[in-house]
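Here is a quick briefing on cavities, ligand surroundings and salt bridges. Have the model open while you read.

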Amino acid sequence: MHIPNLDKAKIRSKQEVLTKTYENIKESNLEKIGLNKKYYIKTYGCQMNEHDSENIKAILEEMSFSEVDNMEMADLIILNTCAIRENAHNKVFGMLGRIKHLKEEKPNILVAFCGCMAQEEDVVNELMQKYKWVDMIFGTHNLHEIPIILSHALKSNKQEVEVYSIEGDIVENIPAKRDSKYKAWVNIMYGCDKFCTYCIVPYTRGKQRSRKKEYIIDEVKTLKKQGYLEVTLLGQNVNAYGKDLDTDYKMENLLEDVAKTGIERIRFVTSHPWDFTDNMIDTIKKYPNIMPYIHLPLQSGSNRILKLMGRRYTKESYLNLYNKLRKALPYSSITTDIIVGFPGETDDDFKETLDVVNKCKFDSAFTFIFSPRKGTPASKMVDNISLDEKNKRLQTLNKLVNKYAKERNDVYLNKTVPVLIEGYSDKDKSKLMGYTDTMKLVNVSGDSKYIGSIVSVLITDVKTWSMDGVIK
Ligand code: SAH
Ligand code: SF4
Ligand code: F3S
């Protein structure tokens, strides 16, 4: 049994990170334990978690489990959880309530709890005390150990808790059952060392560990051969790629090498403004298969709050970088993340945020009310803003964000843009859907034979969050 520990999760050891391969460490006699059994997986959180779930699915299918999308039919239920804000946390506990009823009717169901919440000491303690019927708890550092954890859980009646607070080695070649046949997530690094004062991720994902470039480029080449058109390079802070490795090879070099594989579309998330170099901008400009789309989280426009957040840039340096990007890449879209109601945020601080939004006119923004996460420095700061005030600020901000999102989209009207057609639209099954190079969602009228290809689409109508178009 291994239980997470917050103090240990904070440690950034100098210990070298080794690379292992899944083939070499996997248990070889468990291929049949899922025969005739079905699993259901529910994923919360970011792209990183989405991709972890793709790994979990493939590992389970190697053990002969098959996937169902109806929880009631499953023999194994997995919750891959997110700890970023209180509402993500609450959703998961709500779901546990539903699963408890199911387990009362069918006691043989196995329940697994994993992901970022499983890395939280308090959550695991609660699961051990009040949710003893949860059969398995494992964390973000050892999802490759599912086969062995599962085989123990099948044999015993005890709750299996295997969560490591210290990250350990990088495991390469974990199989993935990808959700899309055209777009793929590719991790380029794990963890985060930025320790923004509000954020739980450095504790749940461990220290920054970059994958070796050979593995990343091989993965992209393989995906290309398999027919994938788009890769998204994933990391909490991709611009810092390579800084933990003993080489001069940095994000700009990786971007260039990935571009040279010739894969049609390359995206990358998330960029921290602090590590964005001029060389990176040049590389993005040079290669047409690096998409003109940048997610550049602002968090706040107030220098005082940015300092309290530990973001290490100022309003002025953010604007400077932003303007440089817009100038270098005039045909691009730039989106952001903003937090309102950080402890001590005054009306004036909030106005500074609005000022940056007015100056940048972002293509879109994810906006959040600050949520205290236990163990982070910001959770100990005095939070004297009423919820009512926070909600008001969020509404004011969203109104402004929406106004500019629509304005940025308006420019697309009557223009022809490249769209990767992914499938049928969720809302209207008679339509197709896809994303432009600049990451705008388009609902498209056209023949289904175009699914899985990049086509020219004439934009015929523009809304705040999406556009309509026809294949030309
Ligand atoms: N690594 C990324 C962010 C990952 S979390 C980056 O640095 O940009 C995604 C977003 O969630 C953050 O950008 C932030 O806006 C928001 N977020 C993180 N912790 C939060 C908290 N405690 N309360 C509210 N929003 C939070
Ligand atoms: Fe969290 Fe900051 Fe790291 Fe992003 S860079 S994951 S916000 S600590
Ligand atoms: Fe959530 Fe963990 Fe991602 S906390 S946002 S799933 S890294």
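Helices (H or I, at least four residues) and strands (E, at least two) are taken from DSSP runs and numbered from the N terminus. This is a predicted model, so local features need pLDDT of at least 70 and side-chain atom pairs count only at pLDDT 80 or more, while totals for chains, interfaces and linings use all residues. Residues are numbered from 1 along each chain as its sequence is written, chains are lettered from A and ligands numbered from 1 in the order in which they are written, and side-chain values use heavy atoms, with hydrogens and water left out.

**Cavities**

- A cavity here is a set of points, on a 1 Å grid over the protein atoms alone, where a 1.4 Å probe fits but cannot get out; lining residues have an atom within 4 Å of a point.
- Grid points are joined across faces, edges and corners, and a volume is the space filled by probe spheres set on the points.
- On that basis there are two cavities of 30 Å³ or more.
- The largest cavity comes to about 40 Å³, and its lining is made of Ile56, Leu60, Leu76, Ile78, Ala112, Met136, Phe138, Ile146 and Leu150.
- Helix 3 (47-62), strand 4 (76-81), strand 6 (136-138) and helix 6 (146-155) are the elements that give two or more residues to the lining of this largest cavity.
- Which classes make up the lining of the largest cavity? It has nine nonpolar residues, no polar and no charged, where nonpolar means Ala, Val, Leu, Ile, Met, Phe, Trp, Tyr, Cys and Pro, charged means Asp, Glu, Lys and Arg, and the others, Gly among them, are polar.
- The second largest cavity, at about 30 Å³, is lined by Asp52, Ile56, Asn80, Cys114, Gly115, Phe138, Gly139, Thr140 and Leu143.
- At least two of the residues lining the second largest cavity come from each of helix 3 and strand 5 (110-115).
- By class, the lining of the second largest cavity splits into four nonpolar, four polar and one charged.

**Helix 6**

- Ile146, Pro147, Ile149, Leu150, Ser151 and Ala153 of helix 6 are buried (under 20% relative accessible area; exposed is over 50%, partly exposed in between, with a 1.4 Å probe and protein chains only).
- The cover over those buried residues includes helix 2 (22-25), helix 3, strand 4, strand 5, strand 6 and strand 7 (160-162), contact being heavy atoms within 4.5 Å.

**Ligand surroundings**

- Around ligand 3 you'll find Cys46, Asn49, Cys82, Ala83, Ile84, Cys116, Arg205 and Gln236, each with a heavy atom within 4 Å.
- That shell around ligand 3 holds five nonpolar, two polar and one charged residues.
- The shell around ligand 2 includes Cys192, Lys194, Gln236, His272 and Arg311, and by class it has seven nonpolar, two polar and two charged residues.

**Salt bridges**

- The structure has 37 salt bridges, each a side-chain nitrogen of Lys or Arg within 4 Å of a carboxyl oxygen of Asp or Glu.
- Lysine 20 pairs with aspartate 169 (3.2 Å, N to O). Lysine 20 is in strand 1 (residues 19-21) and aspartate 169 in the loop between strand 7 and strand 8 (170-172), so the bridge ties together parts 149 residues apart in sequence.
- Aspartate 468 bridges to lysine 463, with the closest N and O atoms 3.1 Å apart; aspartate 468 is buried at 14% relative accessibility, whereas lysine 463 is partly exposed at 35%.
- Lys57, Glu61, Glu67, Lys177 and Asp179 are joined in a salt-bridge network.

Key
On a 1 Å grid over the protein atoms alone, a cavity is a set of points where a 1.4 Å probe fits but cannot get out, and a pocket is an open set with protein on both sides within 12 Å along at least five of seven lines; lining residues have an atom within 4 Å of a point.
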